[in-house]
Amino acid sequence: MRSYKAKMVEPIELPSREEREAALERAGYNVFNLDARDVYIDLLTDSGTGTMSAEQWAAMIRGDEAYAGSESFARLAESVRDVMGFEYVIPTHQGRGAENVLYGVLLEEGDVVPNNSHFDTTRAHVVNQGAEPVDCPSPAARDPNSNEKFKGNFDIDAGYALVEEVGADAIPVVVQTITNNSVAGQPVSMANIRAVAEFARDIDALFVIDACRFAENAHFIKEHEAGYEDQSVAEIAREQFAHADAITMSGKKDALVNIGGFTAMRDETIFEHAKQRAILFEGFPTYGGLSGRDIEAMAVGLREAVSPPYVSDRVEQVADLGDLLSEEGVPVYLPTGGHAVYLDAGEIFPHIPKDQFPGQELVCALYREGGVRGVELGGFAFPGTDRPDVVRLALPRRTYSYEHLEHIAETAAKVVETAEEYHGLEIVEEPPMKELRHFSAKLEPVSN
């Protein structure tokens, strides 16, 4: 049972199959190139696509649009201190702005950056600084049917093996992403966060948390990690961050806003350097490319994200979608994560070779069959890696109903039933920076 009601509605319409076929062809078989009006249920991302609360909309009215030193910034800084425990805060236009500001200060040519798993823009920002991103996922991450509760963990043994290979001096930063978006939105345990912090201290590296879905991660810790069942999500969230030196945050996830982000840190020297970079790329450090209205909404959203019953509602809806898909016989990555359900394209299309992108074929099939837009997070999105071919169905926060979830499951089931009719795709046009090719590349069907 959801703990909120709708105060505004937006009509949506399912285009005809012929219209969907034509739209997909115009888009070069890349759903990022579709017009939103051609999409019926949009699960491309949960980033900035959710529904804000009445309190957030009310807070926007008091937005202070002063260029420097606004009251809105003061309220955001207070929320970050209260919810996350960091003293120094720099707002940015979104999460990748925070990555640009922080990693532009911390990284240089030749550095190596381990992460439980880099997501696309994080990987690209590391590469853009001339550094090398290295994934160190938990061994359990490879098993989509394992019941292990914290498959998003950082593999500490892999981290030390990397140190042996490149030397501690080459690793100035260790990153942990919570929840682990590239590993099916799987959570990270508090024990693993502590272990990563200790690993970073041991090699004299800075420990950075990618905090996009910190509240969802705290919820899973409360549900599944011994010793935390009686603590609140807010208390667990604070403890997560107590181990980190700095964070990057996309407010478009667990700050429940449509735009915005920030980086925060404990070290004043890093803060002063980051402020100068923020001025260059984002704007003055008390507005960071955002209006005062946006900053107000983010200040409220951070507090709402750790307040009951928001996050339990959120995770339960994702689980509902996972259950519906499983009941329809659709292979999904288990257990379901906090923000999305991940489909196993390799199992659905075992006859399609990896170099013909079975995940991207599944993305196109879901749109063609039912107007559902998801995103591939396998070999197409992450070239040069050995990541499994999965498709993410990311649920916008507080947006879709159970009937929408049923349509998604029915659509996926129809694709599975006709799987032999699909033959894969090939790239015909891609940008120079392959780490970001999935945003704009064009493909076409492979001849059968």
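Modeller: Gladly; let us start with the contacts of glutamate 304. Leaving aside its neighbours within four places in sequence, glutamate 304 is in contact with Ser53, Glu55, Gln56, Leu256, Tyr310 and Arg398. Please keep in mind that this is a predicted model. You will find glutamate 304 in helix α11, which covers residues 292-305.

Is glutamate 304 buried or exposed? Its relative accessible area is 16%, so glutamate 304 counts as buried, the cut-off being under 20%.

Now look at what the side chain of glutamate 304 does. With the side chain of serine 53 it makes a polar contact of 2.7 Å. A second polar contact, of 3.5 Å, joins the side chains of glutamate 304 and arginine 398. Side chains of opposite charge can pair when their charged atoms come close. Glutamate 304 and arginine 398 form such a salt bridge, with their closest N and O atoms 3.5 Å apart. This pair links distant parts of the chain: glutamate 304 sits in helix α11, while arginine 398 lies in the loop between β12 (390-394) and α15 (402-417), 94 residues apart. Arginine 398 has a relative accessible area of 17%, so it is buried, and glutamate 304, at 16%, is buried too.

One of the pairs joins aspartate 389 and lysine 354, whose closest N and O atoms are 2.9 Å apart. Aspartate 389 is buried, with a relative accessible area of 5%, whereas lysine 354, at 46%, counts as partly exposed.

The side chains of glutamate 239 and arginine 194 meet in a salt bridge of 3.6 Å, N to O. Glutamate 239 belongs to helix α9 (residues 233-242) and arginine 194 to helix α7 (residues 190-202), 45 residues apart, and the pair links distant parts of the chain. Glutamate 239 has 24% relative accessibility and counts as partly exposed; arginine 194, at 35%, is partly exposed as well.

Salt bridges can also join into a network. In this model, Asp46, Arg213, Glu216, Asp254, Arg314 and Arg397 are linked in that way. Within this group, the side chains of aspartate 46 and arginine 213 meet at 2.7 Å, N to O.

Let us step back to the whole chain. The protein is divided into domain 1 (17-46 + 309-445) and domain 2 (54-306). The centres of the two domains, taken over C-alpha atoms, are separated by 26 Å. Where they meet, 30 residues of domain 1 are in contact with 37 residues of domain 2. The size of an interface is often given as the accessible area lost when the parts come together. Domain 1 and domain 2 bury about 2,700 Å² between them, with 55% of it on carbon and sulfur atoms. On the side of domain 1, Val311, Tyr333 and Arg387 lose the most area to domain 2, together 21% of what that side buries.

What polar links cross this interface? There are 6 salt bridges between domain 1 and domain 2, and 18 residue pairs are in polar contact across it. The elements that give two or more residues to the side of domain 1 touching domain 2 are α12 (310-327) and β9 (340-344). The largest share of that side, 5 residues, comes from α12.

One last item comes from a database record. In an unreviewed entry, UniProt lists residues 42-408 as "domain: Aromatic amino acid beta-eliminating lyase/threonine aldolase". In the model, the end C-alpha atoms of this span lie 10 Å apart, and the span is 43% helix and 13% strand.

Note on methods:
Residues numbered from 1 in each chain as written. Predicted model: local features only at pLDDT ≥ 70, side-chain atom pairs only at ≥ 80, totals over all residues. Heavy atoms only, no water. Helix = DSSP H or I, 4+ residues; strand = E, 2+ residues; numbered from the N terminus. Buried < 20%, exposed > 50% of the residue type's maximum accessible area, 1.4 Å probe, protein only. Contact = heavy atoms within 4.5 Å. Polar contact = N/O pair within 3.5 Å; in protein donor to acceptor, adjacent residues only side chain to side chain. UniProt positions renumbered as here; feature names shortened; annotations may be inferred. Salt bridge = Lys/Arg side-chain N within 4 Å of Asp/Glu carboxyl O. Domains from an automatic or database assignment. Buried area = accessible area lost by both parts, 1.4 Å probe.
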